[in-house]
Amino acid sequence: MGGKLKVTYKYSLIALLSLSFTLSGCGGNNAATTGSAKEPASTESASANNGGKIEPFKVSAFIGVAGQQPTPDNKIYKKIKEETGASFDMEFLAGDINQKLGVMIAGQDYPDLMTGSTKLTAAGAYIPLEDLIEEHAPNLKAHYADYWNMMKDPNDGHIYILPNYGVYNGKVNSSWYSGPAFWIQKAVLKEFNYPKVKTLDQYFDLIEQYKAKYPKIDGSPTIGFEILNYDWKNWGLFNAPQHLIGHPNDGGVVVKDGVAEVFANKDYAKQYYQKLNEMNEKGIIDKETFVQNYDQYMAKLSSGTVLGMFDQHWNFNAAEDSLTTQNKIERTYVGLPLVYDESTKDHYRDLAVLNLNNGFGISINAKDPVKIIKLLDTLMDEKWQKLFSWGVEGEDYIVENGRFMRTQKQRDDAADATWQLGNKAKSLFEYLPKTEGSYSDGNSTDAAAQPEEYKAGLKPFDKEVLDAYGFNSYVDFFSDPPPNPVYYPAWSIDLIEGSDAKIASTKLNELQTKFLPKAILAKPAEFDSVWTDYTEQIEKANVKAYEDKINEQIKWRIENWSK
Amino acid sequence: MDETLEIDTGVRRPKKNKKKKQPITWRVIKNQNQLIWMSVPLMLYIILFAYVPVWGWTMAFQNYRPAKSFGEQEWVGLKQFKFLFTDDNFIRVLRNTLAMGVINLILGFVTAIVLALLLNEIKKVFWKRTVQTISYLPHFLSWIIVTGIVATSLSINDGIVNIVLMKLHLIKEPILWLSEGKYFWGIVGASHVWKEVGWNTIIYLAAIASIDPALYEAAEIDGANRYKKMMHVTLPGIKATIVILMIMSIGHVLEAGFEVQYLLGNGLVVDWAETIDIFVLKYGLAQGNYSLATAGGIFKTVVSVTLLLMANGISKRLGEERLL
């Protein structure tokens with residue numbers, strides 16, 4: 001009997017062990033911590049830096065884009081650790097963002113800090129910040145004072161995310177245009193002795209002539225015009241018509257007198273696609289343009305054979321860097337604010353707006369939100385801001401008569417991705433609240449925007465181009481932006497996951513992706529029939545729900561954001 | 001196997017004699033208690049990972065919001081299924097999924113069996129191993145790499161497919177393969193074959209290896225040549241394996257894939273490229289509508305199980321091997 005019991009005992013032990021192994025794979029739910037984190041314990045607040053003693057603590061952060069870990073001995077992170085005690089444990093996105101967020105939400109598995117996402121907001125993953133800021137973060141409070149109402153979530157009135165860009169202080173210098181434009185190779189402008197290009201027709205005319213004259217560039221066939229329509233990077237195909245009528249970037253709609261309408265099926269859109277159709281017939285547009293992915297697109301731009309495209313500057317910035325490294329400055333691009341006819345004033349450049357739904361929010365799983373908000377508040381200090389943006393004085397920049405400058409060596413370092421990993425806290429700073437414009441001493445917050453620094457860093461060929469036009473920087477190609485309407489831009493309106501408006505916008509997107517390439521590649525005689533087919537499909541797609549939601553939110557913004 | 005056993009012992013049993021079922025008594029349980037204990041972890045594993053998740057199916061009948069608890073969820077009945085089945089695109093998406101599923105299934109089977117038969121005929125072990133290794137290596141590449149290779153080979157500048165076809169004078173100018181819907185299914189099928197044929201062959205080679213060499217000798221004495229031996233010895237010898245694998249894969253016909261179509265698809269071929277999985281991603285996951293995604297999953301499971309049972313039933317009727 002005793003022997004048998006022993007055997008039974010043994011087997012049950014095996015069973016138990018194997019069960020515990022299997023179970024340990026399933027993460028626990030964090031419901032318990034959720035409840036307590038929402039009401040931060042105020043007793044702990046004294047412990048952070050106030051007592052003068054620095055206690056080390058770890059902050060985990062999720063960055064919603066792919067990136068590289070900084071080196072372990074990174075200069076800036078080391079300083080942060082020494083002076084505030086905080087060290088960061090960063091997780092970068094690998095793979096698809098929707099999939100990753102879905103997994104995070106399903107498991108309620110959130111790090112302390114997370115970059116903004118309407119999905120996470122909808123899932124209740126962030127804690128409201130307004131009381132925390134009022135109580136513990138005087139710097140942040142002052143920083144966001146003018147934008148307080150804008151930061152509130154339209155659905156429940158709480159502030160969940162600290163916007164990373166769009167809050168300006170002092171004089172705003174800018175020398176780098178990051179937005180949408182029709183881009184053209186500097187070599188094309190040089191070839192025709194720097195003409196003024198205003199309209200779409202003039203633009204394509206130049207490209208056509210240049211392509212006829214130089215059918216090959218460095219041995220490869222010249223590509224006249226490139227249109228990227230890949231995944232979410234689809235504005236290259238969708239957005240141009242609104243700009244061509246002198247409207248700024250509102251995403252999928254044009255807003256006139258506070259009323260939004262979808263422009264995808266309007267006549268001024270048709271005019272643009274018909275022009276592309278004509279150009280395709282002449283062989284100006286890359287044959288592969290609609291089957292390529294982003295990597296192939298970037299590879300083509302980097303080879304210097306593409307004469308022009310419609311895109312946002314930040315989207316192909318890396319290709320220009322590559323061209324610069326290859327010393328093909330004449331193959332880099334100038335952004336042109338094209339319109340249909342010369343009487344229309346261009347409105348590509350806009351005054352920077354608050355980057356809603358972007359930046360950091362604190363998750364419901366964060367153990368000590370007070371400590372984190374205090375840390376963010378400390379980093380808002382000008383001393384830290386300079387360290388993030390310019391680096392260490394003497395090492396990364398020099399001061400001449402109170403103005404910040406860089407030596408050529410420092411300039412080269414700053415552009416070197418490997419150097420950045422050891423000497424910059426780039427991925428963190430990207431999403432932190434930050435001073436933009438000028439510091440209290442008058443220096444620009446961004447090295448590229450410091451006028452004398454920009455001039456000193458210009459390549460000779462760039463100087464030649466700018467001198468030919470009589471401009472100080474490439475931003476001068478664009479008209480000065482008028483003040484933004486209160487609701488601007490409509491593209492930052494959260495359509496709410498799963499709503500009819502969102503479904504309609506997805507449908508519209510699908511139809512554009514399917515029909516516009518078809519229309520552009522069609523024989524010119526067939527263009528009209530494809531277009532009719534397309535507009536009929538759009539009428540069926542309930543775009544009204546989409547327009548209604550935008551209009552409702554525009555109204556809401558006008559009521560709540562007006563000062 | 002039974003047959004050889006029977007011959008050895010000389011015992012002849014009537015053909016359709018089912019074994020009499022032994023009643024489960026305490027004695028049996030006691031006798032087999034070690035076996036039962038050994039199976040407990042596996043049972044727990046299956047319950048935990050195969051049955052407990054089925055609970056999640058309840059999501060398909062809700063307007064599921066991640067942050068809320070089960071009691072707080074809003075129940076919406078069959079709304080998600082209605083959305084799925086009434087959408088204009090759904091029929092098209094279903095057609096694509098089935099078409100590519102069937103193409104992959106048939107192409108996969110035919111090529112794997114043919115390659116196995118051919119490999120079996122190679123007498124030099126070195127060449128056999130080399131061919132086998134080269135053909136199964138692509139299995140270990142991820143689809144993102146494979147689609148990259150496919151897109152590059154089909155490119156009109158310097159794509160190897162166009163170059164070869166031009167050199168052979170089969171076409172006059174390069175074809176933009178990925179811009180035409182009519183080629184898309186073929187391209188997906190061919191990519192699948194390239195990636196998986198070697199891997200799928202392994203199991204058939206194993207089955208062939210277990211065929212009694214005496215049968216080949218007997219066939220040879222009867223004057224069978226190579227092809228006759230292939231047709232009358234090798235193929236019947238692996239028939240059981242083929243049928244079982246066929247039944248199993250029929251259950252997976254709706255798993256035509258997601259990655260290939262998603263990564264190779266574009267606006268021009270979307271009517272041929274979109275599968276159920278992509279549709280569910282677009283209108284389910286990407287919209288934060290997890291309920292719709294679950295509904296799509298349930299639909300696929302139901303169809304798969306039905307197909308599996310049908311295939312199994314047919315096979316039973318025909319007196320072939322079966323799975324269940």
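How many salt bridges does the rule find across the interface of chain A and chain B? The first view has the answer.

**View 1. Salt bridges between chain A and chain B.** The rule finds three of them across this interface, a salt bridge being a side-chain nitrogen of Lys or Arg within 4 Å of a carboxyl oxygen of Asp or Glu. One joins the side chains of K507(A) and D87(B), at 2.9 Å from N to O. This is a predicted model, where local features need pLDDT of at least 70 and side-chain atom pairs count only at pLDDT 80 or more, while totals for chains, interfaces and linings use all residues. Residues are numbered from 1 along each chain as its sequence is written, chains are lettered from A and ligands numbered from 1 in the order in which they are written, and side-chain values use heavy atoms, leaving out hydrogens and water.

**View 2. Where the two chains touch.** Here 34 residues of chain A are in contact (heavy atoms within 4.5 Å) with 37 residues of chain B.

**View 3. The open sheet of chain A.** Five strands follow the order β2-β1-β3-β14-β4, with mixed pairing; two strands pair if DSSP finds at least two bridges between them, and strands (E, at least two residues) and helices (H or I, at least four) are DSSP runs numbered from the N terminus. Because β2 (86-92) and β4 (162-163) of chain A are at the edges with a single partner strand each, one side of each has no neighbour in the sheet.

**View 4. A closer look at β3 and β14.** These antiparallel strands of chain A, residues 113-115 and 359-362, are joined by three bridges. M114(A) has G361(A) as its bridge partner in β14(A).
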